[in-house]
2 protein chains.
Amino acid sequence: MAFSFQTIPGSVTAPNGFRAAGVFCDVKRLGKGKGSDKEVGLDLALIVADMPGPIAGLYTTNQVCAAPVKWCLKRMKEGVGQAIVVNSGNANACTGDRGLRDAEAMATETGRVLGINPRQVLVASTGRIGMPLPMTNIKKGIRLAAKALAAAAAQGKAAAEAIMTSDTHSKERAVEIPRPRGSIRIGGIAKGAGMIDPYMTPDGKRSREREIQATMLSFLTTDIAISQGLLQQALTTAVERSFNSITVDGDMSTNDSVILMANGRAGNSIVRSARAPLFQVFQEALTHVCSDLAKMMVRDGEGASKFVTLRVFGARNTYEAMAAARSVANSLLVKTSWCGGDPNWGRILDALGYSPATVAEEKVDIAYSAPESKKLVYSLKQGCPTKAAFERLCAEVAREAFDLHIHLNLGKGAAVVHTCDLTEAYVDFNKGDISNPVALGG
Amino acid sequence: MAFSFQTIPGSVTAPNGFRAAGVFCDVKRLGKGKGSDKEVGLDLALIVADMPGPIAGLYTTNQVCAAPVKWCLKRMKEGVGQAIVVNSGNANACTGDRGLRDAEAMATETGRVLGINPRQVLVASTGRIGMPLPMTNIKKGIRLAAKALAAAAAQGKAAAEAIMTSDTHSKERAVEIPRPRGSIRIGGIAKGAGMIDPYMTPDGKRSREREIQATMLSFLTTDIAISQGLLQQALTTAVERSFNSITVDGDMSTNDSVILMANGRAGNSIVRSARAPLFQVFQEALTHVCSDLAKMMVRDGEGASKFVTLRVFGARNTYEAMAAARSVANSLLVKTSWCGGDPNWGRILDALGYSPATVAEEKVDIAYSAPESKKLVYSLKQGCPTKAAFERLCAEVAREAFDLHIHLNLGKGAAVVHTCDLTEAYVDFNKGDISNPVALGG
């Protein structure tokens with residue numbers, strides 16, 4: 001039987017048997033300074049499954065990792081979950097033992113008000129680093145959210161809004177794998193928009209193969225019936241091709257987390273083999289949701305005016321392809337040239353040259369295209385500038401979104417990285433306003 | 001006999017037997033765009049010894065390295081030199097075979113007009129990447145410079161001005177080791193001010209121990225009589241503690257070069273042992289000159305408004321100390337927080353956590369001080385925020401220059417890195433002006 005999937009409206013409440021809520025409990029308070037005329041947004045989200053089920057997760061590999069991440073890493077060993085509680089405005093990072101107790105208290109309070117096991121409650125936080133959580137507000141928020149829980153799409157949206165920090169809009173996606181009886185759905189929400197260069201693994205440990213590295217958070221739900229092992233395998237693959245392949249500013253956060261809950265309510269026979277056709281389409285569909293959310297994050301990157309997809313080919317291996325792509329994507333000089341609409345291949349070649357990837361100048365091709373277009377305009381072939389007119393190249397980079405193709409012509413390693421430009425607005429936003437300490441970014 | 005050294009006026013012409021010149025030959029032309037109302041500056045420098053002598057050099061480890069660097073690496077194998085010719089405005093990088101021929105032609109023309117062996121002429125270039133050198137202008141410049149050569153301090157200054165690109169002022173330093181007969185002098189010039197994260201080695205190859213990575217150029221002269229091996233040893237040590245310990249924007253250039261010529265005119269008996277007291281003071285004096293020039297580069301970094309000295313202690317080893325320092329120094333979020341005067345230790349701890357260095361959050365101390373002061377104000381001790389008032393910490397970061405002390409408390413590894421903040425001015429400068437392609441930065 002052949003399966004396919006299609007995009008549907010909604011997010012985390014699209015799959016059967018999930019409810020969500022987003023409420024205001026005054027954690028993200030902006031004080032009287034810079035942001036005083038802004039409306040203070042929602043700041044606590046709750047996503048709840050109607051029954052416990054397998055969970056999968058990937059977490060920051062930053063050695064300095066936040067208390068909620070430490071809590072979740074323990075929960076992952078049990079592999080079962082029923083709820084996710086998230087606050088924005090305060091990262092609960094670098095908060096010592098108190099932070100650990102507060103993360104646990106978030107789970108305990110959520111468990112209490114929902115009548116579920118606190119060990120089946122995942123916790124996440126995002127916002128300023130190094131300040132203790134205002135637990136009175138948080139607990140009040142949890143109680144409010146529990147009352148507001150509903151399966152309506154609007155409640156998924158409220159949850160998506162409640163996890164935002166510097167994001168300018170909420171990020172949601174859902175897909176459906178239609179089946180004659182019991183269609184399978186996947187829904188997700190995510191937030192960016194600075195300190196974005198995630199490198200997450202299931203155990204929060206770096207692999208030897210990769211030394212490269214937002215707070216970015218993404219929470220996903222699905223009603224498929226699946227084993228925990230395969231759920232984790234599917235999420236690991238999906239994140240590698242999506243969230244772990246984006247960068248805004250090269251700063252990996254202490255709080256990056258992606259969590260997926262599955263409640264089995266679609267009623268399919270439990271997927272237990274990676275070779276099952278249903279698993280394969282589930283993998284594709286999940287990757288699609290993560291990829292869409294990841295791209296939304298980059299498009300909404302702090303101060304970003306351009307969305308750039310780097311496509312590296314011909315590296316000696318996949319690791320080198322990713323290292324080359326990240327070196328270019330994180331180069332200040334390359335990012336500022338995009339901001340100015342300058343098709344400056346010299347800076348690109350320079351960044352390739354200092355990357356950990358092997359590069360032979362005389363073999364490098366560099367080209368631009370419209371997003372996902374095969375109509376390439378080359379600026380460099382075999383290390384030599386082409387005769388493409390400067391104006392022609394400028395037209396490519398003038399697009400709000402474009403693809404940059406780099407062929408190293410050394411091997412078969414390939415990688416795709418999504419990134420954005422570096423603008424004055426990024427600097428202005430992140431230099432903050434010391435007259436208003438509570439509004440300073442984390 | 002005990003030696004010491006002192007700063008004296010002047011630069012590359014301060015040592016006996018060196019002449020210099022800086023001329024205009026229209027390489028750095030700014031066209032009719034953005035820079036049209038700026039005075040077009042000098043763009044070709046020549047530094048000449050009255051006799052051949054040992055040379056030492058360190059060059060970029062960028063795999064994409066400019067034609068003049070390739071020329072110099074060959075000359076280093078011979079170890080003897082008598083002149084350095086340098087142009088600004090065009091990097092002669094990524095210019096293929098023509099670039100190699102042009103670099104050689106610069107040496108040949110210099111040799112011809114000076115009546116010296118072209119293989120004893122070192123060549124350097126800085127400016128835009130990927131454009132062929134205007135050789136007619138360059139050759140004219142070499143002839144003009146040869147006529148202008150003089151030992152006056154003003155000519156050293158002219159050379160320092162001729163190597164500038166985005167620098168706002170020239171960079172010069174000279175020192176003297178007084179001796180009863182025949183004092184020894186060292187003089188130097190340098191340029192920054194973007195694409196600055198040098199990691200140079202004598203052979204342009206990276207060591208395995210370090211995978212970290214402007215155009216920065218520095219040219220040094222000395223009249224000491226010394227063996228080539230010791231001259232290189234002294235320069236390698238000096239560069240490791242100076243130019244290789246700075247970063248402006250994390251972008252390592254294709255052209256970074258430091259070259260030192262020694263003509264033996266001080267009349268000392270040739271230094272042949274690293275244990276000789278004279279060598280030791282020479283080493284100190286040379287390190288002092290390089291260190292002063294490196295700091296001038298950072299202070300004049302593109303758009304920089306703050307000069308920050310990072311002092312990392314207690315890393316597991318020297319490599320990890322340097323890796324930790326560079327991760328903080330190159331973090332966009334840390335750099336932008338300095339721009340805003342925000343003593344944000346959370347971003348610092350975050351950048352430490354994703355660095356290749358081992359970091360234990362609960363052991364980290366972070367403090368600020370005035371430059372080189374021992375009066376430290378701690379913001380974090382053993383991973384916990386101190387009670388220092390926010391205003392007190394802001395006062396530390398409000399200084400135009402300050403020291404940031406980071407103690408990892410894990411071992412004995414230490415490193416010092418000089419860097420600057422990231423400002424809107426950096427972005428504005430580097431985004432360039434595509435209506436004026438010739439003015440776009442390299």
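Domain bounds here come from an automatic or database domain assignment. The model is predicted, so local features need pLDDT of at least 70 and side-chain atom pairs count only at pLDDT 80 or more, while totals for chains, interfaces and linings use all residues. Residues are numbered from 1 along each chain as its sequence is written, and chains are lettered from A and ligands numbered from 1 in the order in which they are written.

**Exercise 1. Find the domains of chain A and describe the side of domain 1 that touches domain 2.**

Step 1. Chain A splits into domain 1 (6-299) and domain 2 (307-422). Their C-alpha centres are 32 Å apart.

Step 2. Twelve residues of domain 1 of chain A are in contact (C-beta atoms, placed from the backbone, within 7 Å) with twelve residues of domain 2 of chain A.

Step 3. On the domain 1 side, β10 (246-247) and α6 (277-299) of chain A each supply at least two residues. Helices (H or I, at least four residues) and strands (E, at least two) are DSSP runs, numbered from the N terminus. α6(A) gives the most, with four residues.

Step 4. By class, this side of domain 1 has five nonpolar, three polar and four charged residues. Ala, Val, Leu, Ile, Met, Phe, Trp, Tyr, Cys and Pro count as nonpolar, Asp, Glu, Lys and Arg as charged, and the others, Gly among them, as polar.

**Exercise 2. Determine how helices α7 and α9 of chain A pack.**

Step 1. The axes of α7 (residues 318-329) and α9 (residues 345-354) of chain A lie 8 Å apart, at an angle of about 130°. Axes are lines fitted to C-alpha atoms, for helices over the stretch in contact, and angles run from 0 to 180 degrees between N-to-C directions.

Step 2. α7(A) is therefore oblique to α9(A). Angles under 35 degrees count as roughly parallel, over 145 as roughly antiparallel, 65 to 115 as roughly perpendicular and the rest as oblique.

Step 3. From α7(A), A:A324, A:S327 and A:V328 meet A:I348, A:A351, A:L352 and A:Y354 of α9(A). Six residues of this contact are nonpolar, one is polar and none is charged.

**Exercise 3. Relate chain B to chain A.**

Step 1. Chain B is superposed on chain A by a rotation of 180° with 0.0 Å of shift along its axis (RMSD 0.0 Å).

Step 2. B:E424 comes closest to the axis among the residues of chain B, at 2.4 Å (C-alpha).

Key:
Two residues are in contact if their C-beta atoms, placed from the backbone, lie within 7 Å. Copies are superposed by least squares on the C-alpha atoms of residues with pLDDT of at least 70 in both.
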